[in-house]
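The sequence and structure come first.

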Amino acid sequence: MTEKLLQYLWNYKVFKNFDFKDIEGNSVEIIDFGRWNKDAGPDFLAAKIKINGLILAGNIELHLRSSDWIFHNHSRDPNYQNIILHVVFQHDLEIPELNNRNVSALELKNYIDENIIWKYESLVSGNQFIACEKIFDRNKIPVHFHEGNILKKLNEKSQELEESLMRCKNNFEAVLFHSLAYSFGLKVNAHIFRQIAESLDYSIVNKIRQHPLQFEALLFGISGWLDTPLDGQMKIWKREFEFMKIKFHIPDLKFHPKFLRLRPPNFPTIRLSQLADLYHRHQNLFSKIIQAQHIDELYHVFQVVKASEYWDFHFNFGAISKVQPKVMSKDFIDLIILNTVLPLKYAYHRYHREETADEIIEFYRNIPPEKNSVITKWKNIGVKITDALESQSLIYHYKNSCEEKNCLTCSIGFKLLKES
């Protein structure tokens, strides 16, 4: 038993019966269990009880043992002066201060199903993929569980985008560029690509996007790759970069993307070239993304993007490879749409279009589920995953609840714990 579990059981009223009696044998009727307080102060606020025919309103404090009142130094804290009931799992000590104030003690040990305690302790002590793996039942996934998770994720992402928007002086196009750069960098180079994008005033991007050679040269130069040219094309890029450095007063900063543990199609050389091509092909990229009403419109934006001709027979500078146009794969496009495009569309529209949430969720339903280790493990325990709404939801839930073993805040865990 933990204090957190005790609070959880009190909040959700998970008891064998409600015929409560305090340690003196007086009947205690809980009219209102109170509001769970996650901040400093008593655990439950604005509660109401009836004891010995007298109705009391105030706060309730929960402890594993009565003696915790002393150990937690509540006697000296003015926040605990309006306590009407001291609820404990086990009564081990009389508290004279509370007795003098006629505050009753309610021991819950005999009102709680021991199976719940055993089940919770089994969950938090296990080393499975998810804590409830051995008792997991996909039928216990609540209605609208996935929609709820996606909206939580989108709202969190919106806060991040709004902070970026403030830094960019309300320029949504600059925020899009920074976010796309982050996604194009994947896990290995995401932060480095964002640094490259943020090192440029977006007005420069707008001025050179019509010239993909210059855009590539700018990105490659900031990445520190053009100092020692290995072939004629690199000399051209270097010449263009040095010209733009002077013209646009670009600071002499270098960011060095990584190649380690990346498959060749994901090399930063390829991804930066594709990013440059994306902005060259779509001069009104932000408008196309924001105005898209169906997933096919978004696919059309990205399907035509490819790295420049040099990369048809290169993966890295100076090293010739088999001829292969470096187009964006369907999986990579889906990743860009899920991680950048849909969150931005939601953040842009959510304050002035009531239907935004439903529209964005429909986009998720029309994208196939991701293929990664987390999704594979969900499938292994019997979860059917048919689209990106479900896969994104389960990834989010795993990272925010399952990995931290926050079973008491999990709607699935709630149902599993209540079962005998």
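## Salt bridges

Arg281 and Asp277 form a salt bridge, with their closest N and O atoms 2.5 Å apart; the term covers a side-chain nitrogen of Lys or Arg within 4 Å of a carboxyl oxygen of Asp or Glu. The two residues are four residues apart in helix 11 (residues 268-281), so about one helical turn separates them. Helices (H or I, at least four residues) and strands (E, at least two) are DSSP runs, numbered from the N terminus. Arg281 is partly exposed, with a relative accessible area of 39%, whereas Asp277 counts as buried at 11% relative accessibility. Here buried means under 20% relative accessible area, exposed over 50%, and partly exposed in between (1.4 Å probe, protein chains only).

The model is predicted: local features need pLDDT of at least 70, side-chain atom pairs count only at pLDDT 80 or more, and totals for chains, interfaces and linings use all residues. Residues are numbered from 1 along each chain as its sequence is written, and side-chain values use heavy atoms, with hydrogens and water left out.

## Other charged pairs

Side chains of opposite charge can pair when their charged atoms come close. Across the whole structure, a search finds 15 salt bridges. One of them joins the side chains of Arg365 and Glu147 at 2.8 Å, N to O. This pair links distant parts of the chain, with Arg365 in helix 15 (residues 356-365) and Glu147 in helix 5 (residues 145-167), 218 residues apart. Arg365 is partly exposed at 36% relative accessibility, while Glu147 is buried, with a relative accessible area of 18%.

A further salt bridge connects Arg353 with Glu359, where the closest N and O atoms are 2.7 Å apart. Arg353 has a relative accessible area of 26% and is partly exposed; Glu359 also counts as partly exposed, at 32% relative accessibility.

## Aromatic rings

A pair of aromatic rings is described by the distance of the centres and the angle of the planes. The structure holds 37 aromatic pairs. The ring centres of Trp10 and Phe15 are 6.0 Å apart and their planes stand at 70 degrees, so this pair is edge-to-face. Rings of Phe, Tyr and Trp (its six-membered ring) pair if their centres lie within 6.5 Å; planes under 30 degrees apart count as stacked, over 60 as edge-to-face and the rest as tilted. Trp10 is buried, with a relative accessible area of 0%, and Phe15 is buried, with 11%.

Trp311 and Phe317 also make an edge-to-face pair, because their ring centres are 5.2 Å apart and their planes are at 70 degrees. Both Trp311 and Phe317 are buried.

## Charges over rings

Lys38 lies over the face of Trp36, 4.3 Å from the ring centre. A charge sits over a ring if NZ of Lys or CZ of Arg is within 6 Å of the ring centre and within 35 degrees of the ring normal. Lys326 lies over the face of Phe315, at 4.4 Å from the ring centre.

Helix 17 (residues 388-402) is largely enclosed by the rest of the structure, because 13 of its 15 residues are buried. Asp387 caps the N-terminal end of helix 17, with a side-chain oxygen 3.1 Å from the backbone nitrogen of Leu389. A polar contact is a pair of N or O atoms within 3.5 Å; within protein, one must be able to donate a hydrogen and the other to accept it, and residues adjacent in sequence count only if both atoms are side-chain atoms.

Ile208 is found in helix 8 (residues 202-208) and counts as buried at 1% relative accessibility. Leaving aside residues up to four places away in sequence, Ile208 touches Gln214, Phe215, Leu218, Met244 and Phe248; contact means heavy atoms within 4.5 Å. The C-alpha atoms of Ile208 and Leu218, 10 residues apart along the chain, are separated by 9.3 Å.

## The chain as a whole

The secondary structure of the protein chain comes to 18 helices and eight strands. Its radius of gyration is 29 Å, well over the 22 Å that the globule rule gives for 420 residues, so the chain is more spread out than a compact globule. The radius is taken over C-alpha atoms, and the globule rule is 2.2 Å times the number of residues to the power 0.38.

Along the principal axes, the C-alpha atoms fill a box of roughly 90 × 45 × 40 Å. Buried residues make up 51% of the 420 residues. Of the contacts in the protein chain with a separation of 6 or more, 61% are between residues 24 or more positions apart.
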